[in-house]
Amino acid sequence: MEANKTHHIILRPKKEESLRRFHPWVFSGAIAHLPQGIQEGDVVKVFSAGNEFLGVGHYQIGSISVRILTFTDEAIDVDFFIRRISSAYNMRTEIGLLRADNNTFRLIHGEGDFLPGLIVDLYGKTAVVQAHSVGMDADKEKIVAALQQVLGKENLENIYYKSEGTLPFKADIEPTNEYLLGGKNVDAVALENGLKFNIDWLRGQKTGFFVDQRENRRLLEHYAAGKTVLNMFCYTGGFSVYALRGGAQSVHSVDSSSKAVSLTDENVKLNFGDEPRHASFSEDAFKFLRESEKDTYDLIILDPPAFAKHRGAVNNALQGYKRLNLAAFEKIKSGGILFTFSCSQVISKEQFRLAVFSAAAISGRKVRILHQLAQPADHPINIYHPEGEYLKGLVLHVE
Ligand code: SAH
């Protein structure tokens, strides 16, 4: 194959409909034939059976064969990434996410920013980049160049690239976790709504922090004054730190990972020094709730990891959400408030609400919905790609 030749993929008849509606995925069953010599990660052009141009994307082996990057016939070069990244960055600055008291947000949210397969979280002057497709991995040098161009030297000192665990296992791709820019004397303390968090992108889960709960944590802060708070699945202690600033009487943070518990302790200390109102427990959430006394807590947060990672796991996951929420309904004080979440993309808002409803009904408590929560604006949902909606939460008043 000559260098730089872009392969063409032709779809089967009538399989172009979803692309015409700007849905960015081509499923393997829609493809009439694959060109010879195509390699995973290649940039490809997609055409209808009638030979009309549809889009340009990254090819990958699997049920999603092409992730469309653009519906215009254009080159996927550094300038392309500059255009996409600057539009994402401008949107975040225009809606006020970059402030003296907030330098932490998601800069690129995959399909939500018209860059399927790419995640970039910004922590002060460090960008943590994750590729979820072989094509984005192959384009990482372009992405690094574009990030530097868009953010400028004074705003971006480090780029940490993390592809371990996010790419499908391939013998010929070495997953890498490494700095592609800077990496010396890194300031790992980021600011979220005026609170400090030490972000461990080297060893932490995902990019090191759950940026997606920023607005929900702020809402929790408003409910925390004078309350006894239980923060389940605390990870780096986001909700705990907000509850403490909000004037909670006490905050208990629980996570099964002792590493997470120590990260929480560190973040509490970073903001409040030695804080007698806070205690942390490295324990299984179900066991902790089972063994806790009734009527101990006014405010409980349940923010578990995704119980279902694929469609086959939905039923078990719903049972899991039901069991977990039931345990909280059984223990929370009368007049208490429960913040309950699901971040499983394959579970819909309605399914989650039904699981929580079932738990409420079994507990026999009087329960009202005060707020319905979702992912924040820096995790936008491309309207043509409803699968991008994943985080849902309910704030419940329990009598
Ligand atoms: N609420 C957190 C994010 C939670 S991530 C935030 O705002 O940042 C999910 C966390 O659940 C992880 O830290 C993981 O270690 C923890 N976890 C997973 N299974 C658990 C279990 N059975 N009991 C307690 N914690 C668990």
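Predicted model: local features only at pLDDT ≥ 70, side-chain atom pairs only at ≥ 80, totals over all residues.
Biologist: Let's start with H9 and H10: are they parallel or oblique to each other?

Modeller: Helix H9 covers residues 314-331 and helix H10 covers residues 349-363. Their axes lie 8 Å apart and the angle of packing is about 40 degrees. Angles under 35 degrees would count as roughly parallel, so the relation of H9 to H10 is oblique.

Biologist: Nice. How many residues of the contact of H9 with H10 are charged?

Modeller: On the H9 side, the residues include Val314, Leu318, Tyr321, Lys322 and Phe329. They meet residues of H10, among them Phe352, Ala355, Val356, Ala359 and Ile362. The contact divides into eleven nonpolar residues, four polar and, as for charged, one.

Biologist: And what about H6 and H7: roughly parallel or oblique?

Modeller: Here helix H6 (residues 238-245) packs with helix H7 (residues 258-272), and their axes are 9 Å apart. The angle is about 30 degrees. Since angles under 35 degrees count that way, H6 and H7 are roughly parallel.

Biologist: Which residues in H7 does H6 meet, and is the crossing left-handed or right-handed?

Modeller: From H6, the residues are Ser240, Val241, Leu244 and Arg245. In H7 they meet Thr264, Asn267, Val268, Asn271 and Phe272. This contact divides into four nonpolar, four polar and one charged. As for the crossing of H6 past H7, it is right-handed.

Biologist: Good to know! How many disulfides does the structure hold?

Modeller: A disulfide needs two cysteine sulfur atoms within 2.5 Å. For Cys234, the closest cysteine sulfur is that of Cys343, at 15 Å, so the gap is too far for a bond. The number of disulfides is therefore zero.

Biologist: Is Cys343 buried or exposed?

Modeller: Buried means a relative accessible area under 20%. The value for Cys343 is 19%, so this cysteine counts as buried. Cys234, at 5%, is likewise classed as buried.

Biologist: Turning to the backbone, where is Lys14 found, and what is its phi?

Modeller: Lys14 is in the loop between strand S1 (7-11) and helix H1 (17-20). Its side of the story is an exposed one, with a relative accessible area of 74%. Most residues other than glycine have a negative phi. Lys14 has a positive value, near 65 degrees.

Biologist: Last one: is Phe233 buried or exposed?

Modeller: Phe233 sits in the loop between strand S14 (228-232) and H6. Phe233 also has a positive phi, about 60 degrees, although it is not a glycine. With a relative accessible area of 17%, Phe233 is buried.

Notes
Residues numbered from 1 in each chain as written. Heavy atoms only, no water. Axes fitted to C-alpha atoms, helices over the stretch in contact; angles between N-to-C directions. Helix = DSSP H or I, 4+ residues; strand = E, 2+ residues; numbered from the N terminus. Parallel < 35°, antiparallel > 145°, perpendicular 65-115°, else oblique. Contact = heavy atoms within 4.5 Å. Nonpolar A, V, L, I, M, F, W, Y, C, P; charged D, E, K, R; others polar. Left-handed = near helix turned anticlockwise from the far one by under 90°. Buried < 20%, exposed > 50% of the residue type's maximum accessible area, 1.4 Å probe, protein only.
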